[in-house]
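Please load the model in the viewer and keep the selection panel at hand.

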Amino acid sequence: MPAQPAPAAPRTAAGRLPLRLLRLYTGLALYGASSALLVESGLGLEPWNVLHQGLAELTGLTIGVVSIVVGALVLLAWIPLRQRPGLGTVSNVFVVGLAMDATLALVPGVHGLGVRIPLLVTGVLLNGVATGLYITAGFGPGPRDGLMTGLHLRTGRSVRLARTAVEVAVVVTGFALGGTVGVGTVLYALSIGPLAQLFLRVFAAPPAPVGSAVVAAGQPEGAILPR
């Protein structure tokens, strides 16, 4: 009687970890690259980068460095809100800003609408892909999303209200400092939700095992962006 093949080994957390880490850092790098494409288009930025660009104009720092500094400050605000960061939260602070500056250094300046509009559309689409990769990795929300969900938990207000209030405040402040608000800002606001939902389904993965040392608590409902 021929020997029976050994049963396949179960798919363990350790076996999934390299793929999840790849998703995490690919998503973060693509997020930074997509944000840089929006900057290069000159047609409007997503809310937090309006603020980052305005602060960059004020301080003379690069927009990527400002993103890192603001992300770190926002992460400090998690302490009184009793939010718990994950590996993805901390990585977000650094990787997105570094990827943004690297992409801006590589992509030449553009002027005509025939190039700027495709850059804008590509940036928004790539942002959706990045969002799906980052979140399905399961290493915790971005620092800015954690701020909003923390405000929701501490104040009892809805996530939608907390998110809207924070993002309106950062857009207005960033615009006053010289950040770019335009058709790209509107396009991003209208399309990122459906795009994020689409790519979350495309990259959907089984939930992380309970007790993983590098995974924060589950993604709070309503926090869909890795910022």
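**Stop one: helix H3**

Select Ile79, which is placed in helix H3 (residues 63–81); helices are DSSP runs of H or I with at least four residues, numbered from the N terminus. This is a predicted model, in which local features need pLDDT of at least 70 and side-chain atom pairs count only at pLDDT 80 or more, while totals for chains, interfaces and linings use all residues. Residues are numbered from 1 along each chain as its sequence is written, and side-chain values use heavy atoms, with hydrogens and water left out.

Ile79 is exposed, its relative accessible area being 62% (exposed means over 50%, buried under 20%, with a 1.4 Å probe and protein chains only).

**Stop two: helix H5**

Next, select Thr136 in helix H5 (residues 113–137). Thr136 is buried, at 14% relative accessible area. Its side chain makes a polar contact with that of Arg23 (3.1 Å); the term denotes N or O atoms within 3.5 Å, one able to donate a hydrogen and the other to accept it, and residues adjacent in sequence count only if both atoms are side-chain atoms. Finally, select Phe203, whose backbone oxygen lies 3.3 Å from a polar atom of the Thr136 side chain.

Technical notes
Helix = DSSP H or I, 4+ residues; strand = E, 2+ residues; numbered from the N terminus.
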